[in-house]
Amino acid sequence: MRIGSAIFLIALGAILAWAVTPGLIPNVDQTLVGYILMAVGVIGLIASLVMANPGRSRRVSESRSVVDPNTGERITRNESRDGGL
């Protein structure tokens, strides 16, 4: 679940819990459904923020050394990049 969909669920749950007249949908407790949607949205928001933590990213470093055939000079190339999932 992404941050946007979690916020959408929180907003939809708040609308169902507090803004819609009770009894609009027969045999359904709209307030309870609203609270459940808000709870799922909050859990999804926390999970997406934890997963987006920059500390989780891995950094990959690579070093290559070659000898230039024309000059005989040793050339070292260092490269680093993020190792994504």
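Figure 1. Gly-23 is exposed, at 59% relative accessible area; exposed means over 50%, buried under 20%, and partly exposed in between, with a 1.4 Å probe and protein chains only. Gly-23 sits in the loop between α1 and α2. Helices are DSSP runs of H or I with at least four residues, strands are runs of E with at least two, and both are numbered from the N terminus. Asn-27 is not a glycine, yet has a positive phi of about 65°. Most residues other than glycine have a negative phi.

The model is predicted: local features need pLDDT of at least 70, side-chain atom pairs count only at pLDDT 80 or more, and totals for chains, interfaces and linings use all residues. Residues are numbered from 1 along each chain as its sequence is written, and side-chain values use heavy atoms, leaving out hydrogens and water.

**Figure 2. A nonpolar surface patch that includes Leu-24.** Leu-24, Ile-25, Val-28 and Val-33 make a nonpolar surface patch of about 320 Å². Patch members have over 30% relative accessible area and no salt bridge; like charges are joined within 9 Å, and nonpolar side chains (Val, Leu, Ile, Met, Phe, Trp, Tyr) within 5 Å. Accessible areas come from the Shrake-Rupley method with a 1.4 Å probe, and for residues only the protein chains shown count as cover. Leu-24 lies in the loop between α1 (3–19) and α2 (30–51). Its relative accessibility is 61%, so Leu-24 counts as exposed.

Figure 3. The 17 residues of α1 should span 24 Å at 1.5 Å a residue. The end C-alpha atoms of α1 are 23 Å apart, which agrees. The expected span is 1.5 Å times one less than the number of residues. Ala-6, Leu-9, Gly-13, Leu-16 and Ala-17 are buried in α1. They cover an arc of only 95° around the axis, so they are on the same side of α1. The arc is taken from the directions from the helix axis to the C-beta atoms. Turned away from this buried side, α1 carries the exposed residues Phe-8, Trp-18 and Ala-19.

Figure 4. Leu-9 lies in helix α1. At 17% relative accessibility, Leu-9 is buried. The C-alpha atoms of Leu-9 and Leu-37 are separated by 5.7 Å, although these residues are 28 residues apart along the chain.

**Figure 5. Helix α2 and its two faces.** α2 has 22 residues. From its first C-alpha to its last, α2 reaches 31 Å, close to the 32 Å expected at 1.5 Å a residue. Gln-30, Gly-34, Met-38, Gly-41, Gly-44 and Ser-48 are buried in α2. Seen down the axis, the buried residues of α2 fall within an arc of 130°, so they line one face of the helix. The face turned away from the buried side of α2 carries the exposed residues Ile-43, Ile-46 and Val-50.

**Figure 6. The aromatic pair of Trp-18 and Tyr-35.** The count comes to one aromatic pair. Rings of Phe, Tyr and Trp (its six-membered ring) pair if their centres lie within 6.5 Å; planes under 30 degrees apart are stacked, over 60 edge-to-face, and the rest tilted. The ring centres of Trp-18 and Tyr-35 are 6.1 Å apart and the planes stand at 75°, so the pair is edge-to-face. The pair links distant parts of the chain: Trp-18 is in helix α1 and Tyr-35 in helix α2, 17 residues apart. Trp-18 is exposed, at 57% relative accessible area. Tyr-35 is partly exposed, at 41%.

Figure 7. A search of the whole structure finds two salt bridges. A salt bridge is a side-chain nitrogen of Lys or Arg within 4 Å of a carboxyl oxygen of Asp or Glu. Side chains of opposite charge can pair when their charged atoms come close. Glu-62 bridges to Arg-64, with the closest N and O atoms 2.8 Å apart. Glu-62 is partly exposed at 27% relative accessibility, and Arg-64 is partly exposed at 48%. Arg-77 bridges to Glu-79, with the closest N and O atoms 3.6 Å apart. Arg-77 is exposed at 52% relative accessibility, whereas Glu-79 is partly exposed at 27%.
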